[in-house]
Amino acid sequence: MPCPALVLCVLCGLLILYGCGSVASVRCIENPPNPYNRFSPEYLGEPPPTKLEVFEETATKNVITKAFASDWEGGWRYTVNCYRGCIHGCTYCFARQYHEYLGYGAGTDFETKIVVKPNAPHLLREELKKCRDRMPHLDFSFATDPYLPLEASFELTRKCLEVCAEFRVPVGVITKSPLVTRDIDILKRLKVTVFFSLPFLTKEKSNPFEPFTPVPEARFRAMKTLSDEGIATGIGVAPIIPGYNEPDIPGLLEMAKESGAARAFMSMLHIDTDSIEEYFVQRMHERLPDTRVVKIVNTIKRERGGTLRHRSYKERSTGRTEQWEVTKKLFDFHIARLGFNVRSRSAEIEPGPGPASSSEAMQQRLF
Ligand code: SF4
């Protein structure tokens, strides 16, 4: 791996591990103004091309994050993220806002300035020594994909899973990457469910919103590989983008069933900040015909009562129209028909996001 420079960033205190000038440019810098910064750069003419930058976060003291979820058992969930930012670059990703807390942008910065926590496995071990008894399970996801491409080299998720196996902590993983199959040996030692995020049936439908992720077909293949090895798998039909991917629901669930998944949830698109809204809409205009964009925007606005953003946390992952009720019924009908989320004795003691009697219960647990 190239390592041309080690530079301490005086602004954020992060150690720049690789200044990869040789990495191919993939797009131009495009970030909505960061509300936490006093100034935002404006470029005269074409913005410069992006390049991949990897930062090492050495000051991290904790790697387990505790977050409140009103309908989670006990109200709390615990997550582990070994990275910040995500090369997969899904335009709808709610984790984009977390990059703004670091002083970066929620647009291409989120996709190309990746923060790595090399101490994560060590910190996880130290934390579990103190709190294992109070840890019902750990979720690997929510701020980044635990199997983003850098994981192939850094192996931080793998090492953290090894720690979980050592401490016998139940685990949930949510990913879009077949790289997870590399860790079959460890996953087999864990109480785990691996969810694949799969909101679109074809690469043509996925590409405008998930430009740098493995194609849906590759995710289904990985799901089957894990299922064939006896590892519990599930599908996250998330996000549903109103007016765009509702028709994919039956096909996605059928493909997941054929690939061995036993659990499923869905969730409506939620746009949490103005920055994410701006970037999401801008990328749609670049990648979809205008008529399609207008249809999507108007349909989302109907679900949100006139805006693209939800008004309360309660509304975050669900719509408010009859059309959304129809979508939920469509999902629930097919999960019942295909036998997803059937509660069994083994499922009751299974870790991670528990099986839900309805789509909403499951989606709220995860997002
Ligand atoms: S793979 Fe997940 S974390 Fe990464 S950009 Fe997409 S939604 Fe966000």
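How many of the 367 residues of the protein chain count as buried? The share that counts as buried is 46%, where buried takes 20 or more other C-beta atoms within 10 Å of a residue's own, exposed takes 12 or fewer, and partly exposed lies in between, with C-beta atoms placed from the backbone. This is a predicted model, in which local features need pLDDT of at least 70 and side-chain atom pairs count only at pLDDT 80 or more, while totals for chains, interfaces and linings use all residues. Residues are numbered from 1 along each chain as its sequence is written.

The protein chain has 14 helices and 12 strands; these are DSSP runs numbered from the N terminus, with helices (H or I) of at least four residues and strands (E) of at least two. Among contacts with a separation of 6 or more, 74% link residues 24 or more positions apart, a contact being two C-beta atoms, placed from the backbone, within 7 Å.

Now for the helix pairs. Two packed helices are described by the angle between their axes and the distance between the axes. Helix H3 (residues 120–131) and helix H5 (residues 156–167) have axes that come within 8 Å and cross at roughly 20 degrees; axes are lines fitted to C-alpha atoms, for helices over the stretch in contact, with angles from 0 to 180 degrees between N-to-C directions. H3 and H5 are therefore roughly parallel (under 35 degrees; over 145 is roughly antiparallel, 65 to 115 roughly perpendicular and the rest oblique). On the H3 side, the contact uses Ala120, Pro121, Leu124, Arg125 and Leu128, and H5 brings Leu156, Lys159, Cys160, Val163 and Phe167. That makes 8 nonpolar, no polar and 2 charged residues (Ala, Val, Leu, Ile, Met, Phe, Trp, Tyr, Cys and Pro count as nonpolar, Asp, Glu, Lys and Arg as charged, and the others, Gly among them, as polar).

For helix H9 (residues 249–258) and helix H12 (residues 322–338), the axes come within 10 Å and cross at roughly 25 degrees, so H9 and H12 are roughly parallel to each other. Here Ile249, Pro250, Leu253, Glu254 and Lys257 of H9 meet Leu330, Phe331, His334, Ile335 and Leu338 of H12. This contact splits into 7 nonpolar, 1 polar and 2 charged residues.

Finally, there is the ligand. Around the ligand sit Cys86, His88, Gly89, Cys90, Cys93, Ala95, Thr144, Asp145, Lys176 and Thr213, each with its C-beta atom, placed from the backbone, within 6 Å of the molecule. This shell has 4 nonpolar, 4 polar and 2 charged residues.
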